[in-house]
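Dear colleague,

I am passing a structure on to you with this email, and below it I have set down what was found. Please keep it open while you read.

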Amino acid sequence: VGILLVILAVRWPEWYLAREKVRATRELERGLTHMIDLLRLYVSAGRNVEEAVRSIATVIKGRWGLVLNRVVYRIDAGLTFEEAFLASAATINLPDFKRFLLSLKQSRLLGASLGGTLAVQAALLRARRRERAEEQARTAAVKVALPLVLFIFPALLIIYLAPAILRLWIG
């Protein structure tokens, strides 16, 4: 028991941190479209992107609020808008966020409408999320097949065949 407790005490922080990292990544994935929509609303209302990020950082809660506050602190420390967001993208390691930043950077370089770019990015992210959910729904039947065969099917056989076997054996 003592060895098991020592192993648990040594490994528990790693397991906990890995679980929290997965939970944080999921929360960031779910909130990305909401953050982009808020950014689009602020930009469409006439603010520039830096002001919009500052406003959203005070409004939004959760992990995106922390990320945007870090971006604001980095901008205040002297980094450019792109550098601050790319530094955050390096710590987040979310491919959709990196794609969003690249499209935002291209839009700013080419002088395209930021509101339109943000709307398109939010729509693309929603479509990708829907595709992932549909893919998970397609694989659910395969994942359910093994427990069905191992646990439910034998139980049904016992329920259906037990009375007949008992009648043949007893009588």
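The crossing of helices α2 and α3 is left-handed. Please bear in mind that this is a predicted model. Helix α2 covers residues 49–59 and helix α3 covers residues 63–76, and their axes come within 8 Å of each other and cross at roughly 140°. Angles over 145 degrees would count as roughly antiparallel, so α2 is described as oblique to α3. On the α2 side the contact is made by V53, R54, I56 and A57, while α3 contributes G65, L68, N69, V71, V72, I75 and D76. Sorted by class, the contact of α2 with α3 holds seven nonpolar, two polar and two charged residues.

Helix α3 also packs against helix α1, which runs over residues 2–44, and here the angle is about 80° with the axes 8 Å apart. Because angles from 65 to 115 degrees count as roughly perpendicular, α1 is placed in that class relative to α3. From α1, the residues E20, A24, E27, L28, G31, L32 and M35 meet R63, W64, V67 and L68 of α3, and by class the contact of α1 with α3 divides into seven nonpolar, one polar and three charged residues. L68 of α3 is listed in the contact with α2 and also in the contact with α1.

One further residue deserves a look, namely N93, which lies in the loop between α4 (81–92) and α5 (95–110). N93 has a positive phi of about 60°, although it is not a glycine. Is N93 buried or exposed? With a relative accessible area of 52%, N93 is exposed.

Definitions and conventions:
Residues are numbered from 1 along each chain as its sequence is written. This is a predicted model: local features need pLDDT of at least 70, side-chain atom pairs count only at pLDDT 80 or more; totals for chains, interfaces and linings use all residues. Side-chain values use heavy atoms; hydrogens and water are left out. Axes are lines fitted to C-alpha atoms, for helices over the stretch in contact, and angles run from 0 to 180 degrees between N-to-C directions. Helices (H or I, at least four residues) and strands (E, at least two) are DSSP runs, numbered from the N terminus. Angles under 35 degrees count as roughly parallel, over 145 as roughly antiparallel, 65 to 115 as roughly perpendicular and the rest as oblique. A crossing is left-handed if the near helix is turned anticlockwise from the far one by less than a right angle, and right-handed if clockwise. Contact means heavy atoms within 4.5 Å. Ala, Val, Leu, Ile, Met, Phe, Trp, Tyr, Cys and Pro count as nonpolar, Asp, Glu, Lys and Arg as charged, and the others, Gly among them, as polar. Buried means under 20% relative accessible area, exposed over 50%, partly exposed in between (1.4 Å probe, protein chains only).
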